[in-house]
Amino acid sequence: MNCFSQKLRRTAPTGGGSRMELVPSKPPRMNGWSWPPQAFQVAGWLVCSYLAVVSFGIYIPLLPLPWKHVAYALAGISFIVHIFAHVAVVTIDPADVTVRAKRSYSSPTALFDRSKQTHVIQDQHCYLCDVKVGPKVKHCGVCNKCVEDFDHHCKWLNTCVGGRNYWCFFVALSSAMLGILLLVVVFLFIFIQHYLDPNSLRTAPQFDSVMGNGTWLVFLPLAPIKTGSAIFLLLAFITAVLSITCMLLLGHLLVFHLYLFCKGISTYDYIKRQRQKEAKNIETGNHQDAKINSGDRQNQETSIDCEPALSHSSGTCQFDNEGPLTRRLSESICTEVENFNKSAAKENSFHYGTESPTNNTAMSDYKSCKLDTEEAQAACQKSGQPVPGVQDPLGSSVMTPDDT
């Protein structure tokens with residue numbers, strides 16, 4: 001049996017269209033209740049449950065009247081509205097109408113792989129869902145289905161936010177922001193009043209049997225439980241920090257969506273515009289770098305080769321390019337070189353020793369200059385003009401008639 005004479009069997013196609021390169025995967029997600037849940041989704045449920053239990057069971061019952069009833073009403077309405085909006089946005093299927101009409105979400109479909117596929121939807125046809133879609137439809141790679149008026153995929157809700165559930169999402173976001181803001185005010189009020197006037201927080205009838213201000217009651221009025229002041233303040237501090245963090249995150253998201261609403265665009269459109277701006281900036285930067293590199297190359301090609309000969313007599317310069325700009329630049333450079341040669345020659349010709357033969361000549365020049373100066377000063381005194389100062393040729397001081 002000769003195994004080498006047989007042709008090798010291929011387990012995958014070597015070429016073909018984009019549909020042949022897709023790998024079958026799990027069924028698409030129907031909504032936010034589809035299994036498995038996301039970590040952010042579970043964390044959001046835990047935080048919401050904790051804040052509801054702490055606010056309605058511990059801190060709002062401690063408020064004095066009538067603020068207790070006001071806090072119960074506002075916090076209760078915000079919590080109920082948020083729960084209904086949250087359940088609605090998670091339950092509604094945001095898929096396009098053609099996808100919902102064709103698919104039962106039971107059969108697996110191809111998984112969107114960005115490394116193999118650049119565009120899933122071309123000419124308003126989705127090659128993964130195999131349906132005709134509208135102009136504002138996008139195929140979500142997480143939910144693995146086409147979403148109508150796609151805005152974004154929310155990890156906190158574990159579903160896509162599109163045209164069918166966007167307003168439920170906005171109501172849930174607004175109600176959560178209002179409730180968190182109210183809870184932050186309540187927590188800060190209780191934390192401050194605990195030090196300024198703790199008796200104002202002990203107006204419930206159950207505190208009549210409690211001796212001292214170091215013991216507090218929680219879960220009033222149904223199941224009062226005694227706790228210490230340290231635990232009470234520590235729990236209030238942790239809850240306040242968590243509430244402020246949630247308020248900042250929700251406030252940032254709410255302001256962002258208000259901005260998108262004023263602009264009339266979606267989150268996906270905003271992200272596309274930002275990516276286009278970044279791409280333009282990168283192209284502009286590359287173009288400027290290319291111009292700088294080309295300019296450097298031209299400067300290198302028109303460089304000047306100046307070879308000054310530092311001697312006591314003269315200097316010579318040689319240049320590669322004889323253009324008008326290069327000629328002017330070369331003449332200025334050679335002039336500076338010649339001046340430097342002349343100054344160096346003068347410095348070399350000076351003798352600073354006391355036995356130099358030029359010492360007598362210098363002294364004779366100084367004497368003759370001094371006599372000429374005295375005659376000029378006498379002439380100025382006779383004519384009534386002020387006597388100008390004369391600089392000492394051998395020093396830096398100014399000579400006047402008083403100095404002589």
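The model is predicted, so everything below describes computed geometry. The protein chain holds eight helices and 11 strands. Of its 404 residues, 31% count as buried.

**The chain as a whole**

- If you take the contacts between residues at least 6 apart in sequence, 58% of them join residues at least 24 apart.

**Helix α2 and the residues around H82**

- H82 sits in helix α2, which spans residues 67-91.
- With a relative accessible area of 16%, H82 is buried, because the cut-off for that label is under 20%.
- A polar atom of the H82 side chain lies 2.9 Å from the backbone oxygen of A172.
- A172 also turns up among the residues that H82 touches, together with C48, S175 and A176; residues up to four places away in sequence are left out of that list.
- V87 is another residue of helix α2, but V87 counts as partly exposed, at 37% relative accessibility.

**A nonpolar patch on the surface**

- V87 belongs to a nonpolar surface patch, along with W33, V42, W45, L46, F79, I80, I83 and F84.
- Put together, the patch residues have about 840 Å² of accessible area.
- Two elements, α1 (39-59) and α2, each give two or more residues to the patch.
- Which element gives the largest share of the patch? That's α2, with five residues.

**One salt bridge**

- The salt bridge count for this model comes to one.
- The pair is D93 and K145, whose side chains meet at 2.5 Å, N to O.
- This pair links distant parts of the chain: D93 is in the loop between α2 and α3 (97-102), while K145 is in strand β5 (residues 145-147), 52 residues apart.
- Are D93 and K145 buried or exposed? Both are buried.

**Strands and sheets**

- Three strands make an open sheet in the order β1-β2-β3, with antiparallel pairing.
- Its edges are β1 (121-122) and β3 (131-132), each of which pairs on one side only.
- β1 and strand β2 (residues 125-126) run antiparallel and are joined by two bridges.
- Across that pairing, I121 stands opposite C126 in β2.
- Elsewhere, strand β8 (residues 215-218) pairs with strand β9 (residues 225-228) over four bridges, again in the antiparallel sense.
- β8 and β9 form a hairpin with six residues between them, and F219 in the turn has a positive phi of about 60°.

**Cis peptide bonds**

- W35 and P36 are joined by a cis peptide bond, with omega about 5°. P36 is placed in the segment before α1.
- L65 and P66 are joined by a cis peptide bond too, with omega about 0°. P66 is in the loop between α1 and α2.

**Positive phi in two loops**

- D149 isn't a glycine, yet it has a positive phi of about 50°. You'll find D149 in the loop between β5 and β6 (152-154).
- D149 is partly exposed, with a relative accessible area of 36%. It gets that label because 36% falls between the cut-offs of 20% and 50%.
- N158 isn't a glycine either, and its phi is positive at about 60°. N158 is in the loop between β6 and β7 (159-161).
- How accessible is N158? Its relative accessibility is 0%, so N158 counts as buried.

Definitions and conventions
Residues numbered from 1 in each chain as written. Predicted model: local features only at pLDDT ≥ 70, side-chain atom pairs only at ≥ 80, totals over all residues. Heavy atoms only, no water. Buried < 20%, exposed > 50% of the residue type's maximum accessible area, 1.4 Å probe, protein only. Polar contact = N/O pair within 3.5 Å; in protein donor to acceptor, adjacent residues only side chain to side chain. Contact = heavy atoms within 4.5 Å. Salt bridge = Lys/Arg side-chain N within 4 Å of Asp/Glu carboxyl O. Patch = residues over 30% accessible without salt bridge, like charges linked within 9 Å, V, L, I, M, F, W, Y side chains within 5 Å. Areas by Shrake-Rupley, 256 points an atom, 1.4 Å probe, with all protein chains shown as cover. Pairing = 2+ DSSP bridges.
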